[in-house]
Amino acid sequence: MAKSKHTKSSKSWLDEHHNDPYVARSKIDGYRSRASYKLIELQQKDKLFKPGMSVVDLGAAPGGWSQILTGFVGQNGQVFALDILEMDPLSGVHFIQGDFTEDGPYEALLDMTSGKQIDWVISDMAPNMSGNKTTDQARAMHLVELAFDFAEQVLTKKGNFLAKVFQGEGFDAFIQNLRQRYQKIIIRKPEASRARSSEVYVIAFCKKDG
């Protein structure tokens, strides 16, 4: 019975994926991922990235965000990326493959960005979903809290933070914590985000001193 349910669920996901207009559009536009359109929309609305900026992209594979970030920050900017999965090389992107929750990759990324003026830490990380909402939400919040802690360490004065956050247990407390550390908070749900998903993108501008 469980196997049948899993197969049905997998088929439903594949049908949705193949019928997704953003998946089709990403192939036409030459983007690595439908997620590219989420960041493009955020950039259009909120003017996040400028030429010459340095950005850390967490949960980067297959490279949908890093790919367009290189265009936003230009030749004088820098993009540092990390993911547990492999990612094909991108010109202008310094990539580390590893698990962000483990000390080794985390420290390697700290070393790579050491001495750099990091303007943005952005995170599209999400756990592999188990189907248990309570467990999945806790794991998702753990990832975004790790991203927040990393941003606290590497961001330049008045740096900025962007993260995918799933609404649920721990969400309100996390937003409150961001409000204490950043001057302005905006919450967006891009059109490319699937309507059934509880994901939103939280943008935190201008890190406070202290």
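Buried means under 20% relative accessible area, exposed over 50%, and partly exposed in between (1.4 Å probe, protein chains only). The model is predicted: local features need pLDDT of at least 70, side-chain atom pairs count only at pLDDT 80 or more, and totals for chains, interfaces and linings use all residues. Residues are numbered from 1 along each chain as its sequence is written, and side-chain values use heavy atoms, without hydrogens and water.

A search of the whole structure gives six salt bridges (a side-chain nitrogen of Lys or Arg within 4 Å of a carboxyl oxygen of Asp or Glu). One joins E199 and K164, at 3.8 Å from N to O. This pair links distant parts of the chain, with E199 in strand β7 and K164 in strand β5, 35 residues apart. Strands are DSSP runs of E of at least two residues, helices runs of H or I of at least four, numbered from the N terminus. K164 is buried, at 10% relative accessible area. E199 is buried too, at 6%. Shared partners join K38, D124, K164 and E199 into one salt-bridge network.

A further salt bridge pairs E152 with R181, with the closest N and O atoms 3.0 Å apart. E152 lies in helix α6 and R181 in helix α7, 29 residues apart. R181 is buried at 15% relative accessibility, whereas E152 is partly exposed at 25%.

The axes of α6 (residues 133–154) and α7 (residues 171–181) come within 11 Å and cross at roughly 10°. The two helices are therefore roughly parallel (angles under 35 degrees).

Key. Axes are lines fitted to C-alpha atoms, for helices over the stretch in contact, and angles run from 0 to 180 degrees between N-to-C directions. Angles under 35 degrees count as roughly parallel, over 145 as roughly antiparallel, 65 to 115 as roughly perpendicular and the rest as oblique.
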